[in-house]
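Here are my notes on the model, as numbered points. Have the structure open while you read.

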Amino acid sequence: MDHLPNDPAMMVSTINMLLRDDEYDSLEALCFSFDKEPEEIKNYLLKGGFVWSEEQKQFRPTGYDE
């Protein structure tokens, strides 16, 4: 895979899969590999309805943990 999908739902699925399957040990390492900034990804996905959970090490739907 040479780039992350542009669709927010597909991007979340891809990022969560790569982190879950231990392809990358952190969001920062994953972002570095795809030449993205973690805050850029977090902000983009927040607009798409997803928030980063550091505890779970995954993106989750906004409001899921409330």
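**Notes on the fold**

1. Let's start with Thr14. Leaving out residues up to four places away in sequence, Thr14 touches Met1, Leu4 and Pro5, where contact means heavy atoms within 4.5 Å. Thr14 sits in helix 1; helices here are DSSP runs of H or I with at least four residues, strands are E runs of at least two, and both are numbered from the N terminus. With a relative accessibility of 9%, Thr14 counts as buried (buried is under 20% relative accessible area, exposed is over 50%, partly exposed is in between, with a 1.4 Å probe and protein chains only).

2. A word on what you're looking at. This is a predicted model, in which local features need pLDDT of at least 70 and side-chain atom pairs count only at pLDDT 80 or more, while totals for chains, interfaces and linings use all residues. Residues are numbered from 1 along each chain as its sequence is written, and side-chain values use heavy atoms, with hydrogens and water left out.

3. Next, one of Thr14's partners. Leu4 belongs to the segment before helix 1 and is buried, at 7% relative accessible area. Setting aside neighbours within four places in sequence, Leu4 contacts Met11, Thr14, Ile15, Leu30, Phe34 and Ile41. Leu4 and Glu40 are 36 residues apart along the chain, and their C-alpha atoms are separated by 13 Å.

4. Now the largest nonpolar core, which has 15 residues. A nonpolar core is a set of buried Ala, Val, Leu, Ile, Met, Phe, Trp, Tyr and Cys residues joined through side-chain atoms within 4.5 Å. Which members touch the most other members? They are Leu4, Ile15, Leu30, Ile41, Leu45 and Phe59. At least two residues of this core come from each of helix 1, helix 2 (27-33), helix 3 and strand 1 (50-53), and helix 1 gives the most, with five residues.

5. On to the helix pair. The axes of helix 1 (residues 8-20) and helix 3 (residues 38-47) come within 9 Å and cross at roughly 130°; axes are lines fitted to C-alpha atoms over the stretch in contact, and angles run from 0 to 180 degrees between N-to-C directions. The two helices are therefore oblique to each other (under 35 degrees is roughly parallel, over 145 roughly antiparallel, 65 to 115 roughly perpendicular, and the rest oblique). Pro8, Met11, Val12 and Ile15 of helix 1 make the contact with Ile41, Tyr44 and Leu45 of helix 3.

6. Not counting residues up to four places away in sequence, Ile41 touches Leu4, Met11, Ile15, Cys31, Lys36 and Phe59. Cys31, in helix 2, is buried at 0% relative accessibility. Cys31 and Gly48 are 17 residues apart in sequence and 18 Å apart in space, C-alpha to C-alpha.

7. Finally, two backbone spots to check. Asp35 is not a glycine, yet has a positive phi of about 55°; Asp35 lies in the loop between helix 2 and helix 3 and is exposed, at 70% relative accessible area. Lys57, also not a glycine, has a positive phi of about 60°. Lys57 lies in the loop between strand 1 and strand 2 (58-61) and is partly exposed, with a relative accessible area of 41%.
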